[in-house]
Amino acid sequence: MEDKRFLNQIQRWRVYWLYWLKSAGLTFQSLMATRFASVVFVVGKFFRFFFFLWFLLLLKERIQTVVGYSVEQLVVFYLVFNLFDMLGQIFYRGIYWFRNEIVSGNFDFKLIKPLSPLFQIMTSHTDFLDVPLFILVIVFLAYSMRSISFIEIAGFVLLTVVALMLITAIHIMVAAIGVITTEVDHTIWIFRDLSMMGRVPVDIYTDLVRGFLTFVVPVALIFTVPAKVLFGLVNFQALLVTVVIAGIFYWLALRLWRYALTQYSSASS
Amino acid sequence: MMLAKYWQVTKTSWENGFVYRLNFLMWRVRSVIRLLTVYFLWAAIFQRTDGFLSYDKAAMMTYILGTGVLATIVFSTRSIDVGTEIAEGDLSNYLLKPVNYFAYWFSRDLADKLLNILFVIGEIGLIIFFLRPPLIMPTASGLIAMFLLVSILALVLYFIFSFLVSAFTFWYPEHNGWPIRFFVFVLLEFLAGGLFPLDILPPVVFSLLRLLPPAYFMYYPLQVFLGRLSFWEGVGVVSGLIFWIFLLAIVLNLVWRRGIKVYEAYGR
């Protein structure tokens, strides 16, 4: 009985994997069909990344520290920000198309399939255009962190899982708000703008803003805490609190999503 | 009579802004978040230092908050939709009407700018009230007049520049011209001086960037506002703006004429 359930679960994961492969393949084909646009987007992303990096390096010539962090540490914060920001962009780009599905009623077609509608929505447009820069950021990060201890690496891996949970939870919440209010675009862009506050450690903000970025929209937990763990600045209690908050946040996101589905009116379908 | 129809367009666009209230409010929230991000970064930098190159804290905080106002005056635009109209063939609707397409969009832009200016005054007021940054305010009426003149010219220059970017859609209608627009946004974010004053860049880079149109969108108007330019340097900025406005207007005219020839009204 247990074996059969296990095999069923494996089979289920395989279906999701094949679904993602197919949908990602289609997205890749569409990117190739508009090659010029794709190249311009990729070059633009590189420019944006290097311009801010350049700005940080310019600071290095003039100042010693910013809120206690050296400019080299600020660069690591910026790299970690890019790493997790792009992870969300690569896998959950589909959220940007979700409003159209809601207002047109096409979301119905997602609901009737034997697959999680959330999975279908969020993974529908895997963004390969972020992949080149994503790889570069990993290389830069690995280089700048080449001499850290095993404990710090283990902490970073754990917080990477936490960051992914939180990014997923926020995208679920945006989708849920989309179902309830039909507003998605601005909600996700407000999250993106708040995320930009994580390009630098949240310690630079006032207590009120920092509290908001920790407990309301957990930008601090997604971007700042994982970077801090690389410098050995996060103790075990703080790590535990981060994991618990992420768990609560994820649970709340799923509750909100389930509630949102009861409010879906299938307008225009 | 000629102006009356464009005044009507401005009025309609103004009213249109109040119809999509939530949309507009969300946009303003995003603008404030972006401004605060840069503000706090510079505030943190000035925690441990009295000056950064030739800027003291008051000058830098004024500059950064000033970019929030300038972004509203110069960059607020509805004409960003021109690319979509070209790509989707909606431009045909205007070609058949007795309206000047540029004047039509400029009228719409004016309404958008006025609405945004109204909000940004309140937002900056709240930021100053709550965060109490040290600020430099010009007192000389000549300086204020020069700042207003440079800002208005910068607004006109950006309008023409933005139209040129949209005109690219005649040849590359993919994604409604958004890729090029995205690329230009990325460049302007840094080259217009929104994140930092351009003169903190290495002298070689600055001496090149100071000559290009993006420097006139934010950097120069704020230099005037801060009183960092002499009278004749101010005159030089006005001359530079007029030069770029004429040059880009001529280029836009040529590009637009060629664009109309290749325009095929896809999707109609």
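With 268 residues, chain B would have a radius of gyration near 18 Å if it were a compact globule; the value for chain B is 19 Å, which agrees. The model is predicted. Along its principal axes, the C-alpha trace of chain B spans about 60 × 40 × 40 Å. Of the 268 residues, 40% count as buried. Chain B holds twelve helices and two strands. Read from the N terminus, its elements follow the order α-α-β-β-α-α-α-α-α-α-α-α-α-α. Contacts in chain B between residues at least 6 apart in sequence were also sorted by separation, and 82% of them join residues at least 24 apart.

Chain A was examined in the same terms. It has 269 residues, for which a compact globule would have a radius of gyration near 18 Å; chain A has 20 Å, which agrees. Its C-alpha atoms fill a box of roughly 60 × 50 × 40 Å along the principal axes. Buried residues make up 36% of chain A. Twelve helices and two strands are present in chain A. Their order from the N terminus is α-α-β-β-α-α-α-α-α-α-α-α-α-α. Among contacts in chain A with a separation of 6 or more, 80% are between residues 24 or more positions apart.

The two chains touch. The contact takes 29 residues from chain A and 30 residues from chain B. On the side of chain A, the elements that give two or more residues are α2 (35–60), β1 (65–66) and α9 (185–196). Helix α2(A) provides the largest share, twelve residues. By class, this side of chain A has 21 nonpolar, four polar and four charged residues.

Within chain A, one helix pair was described in detail. Two packed helices are described by the angle between their axes and the distance between the axes. The axes of α3(A) (residues 71–92) and α7(A) (residues 131–144) come within 9 Å and cross at roughly 150 degrees. The crossing of α3(A) and α7(A) is left-handed. From α3(A), the residues that meet α7(A) are A:V75, A:V76, A:L79, A:V80, A:N82, A:L83, A:M86 and A:I90. From α7(A), the partners are A:V131, A:L133, A:F134, A:V137, A:I138, A:F140, A:L141 and A:S144. The residues of this contact divide into 14 nonpolar, two polar and no charged.

Helix α12 was then followed in each chain. In chain A, α12 covers residues 236–263, and its 28 residues should span 40 Å at 1.5 Å a residue; the end C-alpha atoms are 41 Å apart, which agrees. The buried residues of α12(A) are A:T242, A:A246, A:F249 and A:A253. An α-helix has 3.6 residues a turn, so residues three or four places apart point the same way. The buried residues of α12(A) pack against α8 (150–181) and α11 (219–230) of chain A.

In chain B, α12 covers residues 231–262 and has 32 residues. From first C-alpha to last, α12(B) reaches 46 Å, close to the 46 Å expected at 1.5 Å a residue. Buried in α12(B) are B:G234, B:V237, B:G240, B:L241, B:W244 and B:L248. The buried residues of α12(B) pack against α7, α10 (213–217) and α11 (219–225) of chain B.

A:V202 is placed in the loop between α9 and α10 (207–216) of chain A. It has 23 C-beta neighbours inside 10 Å; the cut-off for a buried residue is 20 or more, so A:V202 counts as buried. Leaving aside neighbours within four places in sequence, A:V202 is in contact with A:M197, A:R210, A:L213, A:V219, A:A220 and A:T224.

A:V67 sits in the loop between β1 and β2 (69–70) of chain A. Its phi is near 40 degrees, a positive value in a residue other than glycine. With 17 other C-beta atoms within 10 Å, A:V67 is partly exposed. B:R132 lies in the loop between α6 (101–131) and α7 (141–167) of chain B. Phi of B:R132 is near 45 degrees, again positive in a residue other than glycine. B:R132 is exposed, with 8 other C-beta atoms within 10 Å.

Key: Residues are numbered from 1 along each chain as its sequence is written. Chains are lettered from A and ligands numbered from 1 in the order in which they are written. This is a predicted model: local features need pLDDT of at least 70, side-chain atom pairs count only at pLDDT 80 or more; totals for chains, interfaces and linings use all residues. Two residues are in contact if their C-beta atoms, placed from the backbone, lie within 7 Å. Helices (H or I, at least four residues) and strands (E, at least two) are DSSP runs, numbered from the N terminus. Ala, Val, Leu, Ile, Met, Phe, Trp, Tyr, Cys and Pro count as nonpolar, Asp, Glu, Lys and Arg as charged, and the others, Gly among them, as polar. The expected span of a helix is 1.5 Å times one less than its number of residues. A residue is buried if 20 or more other C-beta atoms lie within 10 Å of its own, exposed if 12 or fewer, and partly exposed in between; C-beta atoms are placed from the backbone. The radius of gyration is taken over C-alpha atoms; the globule rule is 2.2 Å times the number of residues to the power 0.38. Axes are lines fitted to C-alpha atoms, for helices over the stretch in contact, and angles run from 0 to 180 degrees between N-to-C directions. A crossing is left-handed if the near helix is turned anticlockwise from the far one by less than a right angle, and right-handed if clockwise.
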